[in-house]
Amino acid sequence: MDDNTAKLGTLVSDGGLVNVYIWDMDETLILLRSLLNGTYAESFNGSKDVKRGLEIGKKWEDHILQICDDFFFYEQVEECNEPFLDSLRQYDDGKDLSGYDFKQDDFTTPTDDLNKRRLAYRHRAAAHKYEKGLRPLIDSETMSVLDELYNVTDEYTDGWLSSARAFLEQCSCVQEESVDGTGAIDENQSSQDVHILVTSGALIPSLVKCLLFRLDTFLRHENVYSSIDVGKLQCFKWIKERFNHPKFRFCAIGDGWEECAAAQAMQWPFVKIDLQPDSSHRFPGITPKTVSYYFAAVYGNSDADTSK
């Protein structure tokens with residue numbers, strides 16, 4: 001039995017319905033693209049400094065690429081995007097990677113089994129680093145710079161980042177990140193909802209975004225999907241196959257047409273995120289209670305809904 005099967009069995013055996021939230025990333029859980037192209041600031045009709053948003057977005061972009069290259073093999077794997085880290089698991093022989101030299105293994109485009117194994121090694125190493133969190137990777141000075149950038153961004157976006165994170169925390173079985181960077185299970189937390197990311201961004205930068213924007217506590221590496229090459233509908237189908245039990249209910253949340261169309265094809269509720277300042281379907285604004293109405297519209301009311 002693999003880890004995912006064990007976790008699935010635990011969720012099912014615990015009783016009650018389990019909500020599976022399928023999130024888009026940019027302009028949903030975080031703001032980045034709209035900072036870089038100015039659309040976020042422009043939606044405020046002059047009350048937000050467009051140039052300031054661009055400066056903030058560029059700083060994030062620089063940090064994301066730096067972490068990708070320094071710790072997640074991005075210079076080597078940029079042209080080898082996979083839809084999720086375990087996609088090449090069958091090629092991984094379980095070799096101990098503690099002394100493995102990733103710079104000297106002659107890795108090239110994985111068109112053969114040998115290089116698919118080498119890519120699988122990189123994915124396994126990336127997963128291990130991701131699950132350890134950001135703190136072991138960078139020094140305290142860089143961490144302080146990132147903390148300040150997060151706070152500046154959150155202030156500029158009127159609490160978008162912290163509000164989105166609060167949503168995840170409210171319906172997750174994890175507490176705030178501990179000092180050593182790990183999430184602790186709260187035995188008194190009745191919620192057992194699952195958060196999954198399906199992004200149109202490349203896989204490795206998306207994982208790094210999760211780390212930098214403090215989302216890794218709620219999004220495990222096996223729950224991060226890149227839809228660039230396969231499309232969001234295919235990712236949604238894989239998710240349905242993973243959580244194939246009547247107790248699981250699904251809802252997609254995002255700002256784009258592709259996730260909307262994919263949700264409709266799956267007959268799942270879809271919550272459309274709207275950047276406009278006067279919208280209630282944005283952060284801050286949208287809450288688990290808001291989304292519960294979408295669940296009820298498709299799946300009907302339940303005791304689980306009324307207890308939250």
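Student: What covers the buried residues of H8?

Tutor: The cover over the buried residues of H8 includes S1, helix H3 (39-42), helix H7 (140-156), S2 and helix H12 (288-299). This is a predicted model, in which local features need pLDDT of at least 70 and side-chain atom pairs count only at pLDDT 80 or more, while totals for chains, interfaces and linings use all residues. Residues are numbered from 1 along each chain as its sequence is written, and side-chain values use heavy atoms, with hydrogens and water left out.

Student: And which residues of helix H8 are buried?

Tutor: In helix H8 (residues 160-170) they are Trp160, Leu161, Ser163, Ala164, Arg165, Phe167 and Leu168. Buried means under 20% relative accessible area, exposed over 50% and partly exposed in between, with a 1.4 Å probe and protein chains only. Helices (H or I, at least four residues) and strands (E, at least two) are DSSP runs, numbered from the N terminus.

Student: How many helices and strands does the protein have?

Tutor: The protein comes to 13 helices and 5 strands, and buried residues make up 51% of its 308 residues.

Student: Let's go to S2. Why is it described as largely enclosed?

Tutor: Strand S2 (residues 194-199) has 6 of its 6 residues buried, so it is largely enclosed by the rest of the structure. Val194, Ile196 and Val198 point one way from S2, whereas His195, Leu197 and Thr199 point the other way, and all are buried. In a regular strand the side chains alternate between the two faces of the sheet.

Student: Which strands does S2 pair with?

Tutor: Two strands pair if DSSP finds at least two bridges between them. Strand S1 (residues 18-23) and S2 pair in the parallel sense over 4 bridges, with isoleucine 196 in S2 as the bridge partner of isoleucine 22. S2 also pairs in the parallel sense with strand S3 (residues 224-226), over 3 bridges, and there threonine 199 stands opposite serine 226 of S3.

Student: What about S1, is it covered or exposed?

Tutor: S1 is mostly covered, with 6 of its 6 residues buried. Val18, Val20 and Ile22 point one way from S1, and Asn19, Tyr21 and Trp23 point the other way. S1 is also joined by 6 bridges to strand S4 (residues 248-254), and the two run parallel; phenylalanine 250 in S4 is the bridge partner of valine 20.

Student: Changing topic: where is cysteine 210, and what does it touch?

Tutor: Cysteine 210 is found in helix H9 and is buried, with a relative accessible area of 0%. Leaving out residues up to four places away in sequence, cysteine 210 touches Met25, Tyr130, Leu197, Leu215, Asp216, Leu219 and Val224, where contact means heavy atoms within 4.5 Å. The C-alpha atoms of cysteine 210 and valine 224, 14 residues apart along the chain, are separated by 9.2 Å.

Student: How many cavities of 30 Å³ or more are there?

Tutor: The structure holds 1 cavity of 30 Å³ or more, a cavity being, on a 1 Å grid over the protein atoms alone, a set of points where a 1.4 Å probe fits but cannot get out. About 60 Å³ of space lies in the largest cavity, a volume being the space filled by probe spheres set on the points, which are joined across faces, edges and corners.

Student: Which residues line the largest cavity?

Tutor: The lining consists of Tyr74, Val77, Cys80, Asn81, Glu82, His123, Ala202, Leu203, Ile204 and Pro205, lining residues having an atom within 4 Å of a point. Helix H5 (74-77) and helix H9 (203-212) are the elements that give two or more residues to that lining, and the largest share, 3 residues, comes from H9.

Terms used:
1 Å grid on protein atoms, 1.4 Å probe; cavity = no way out; pocket = protein on both sides within 12 Å on 5 of 7 lines; lining within 4 Å.
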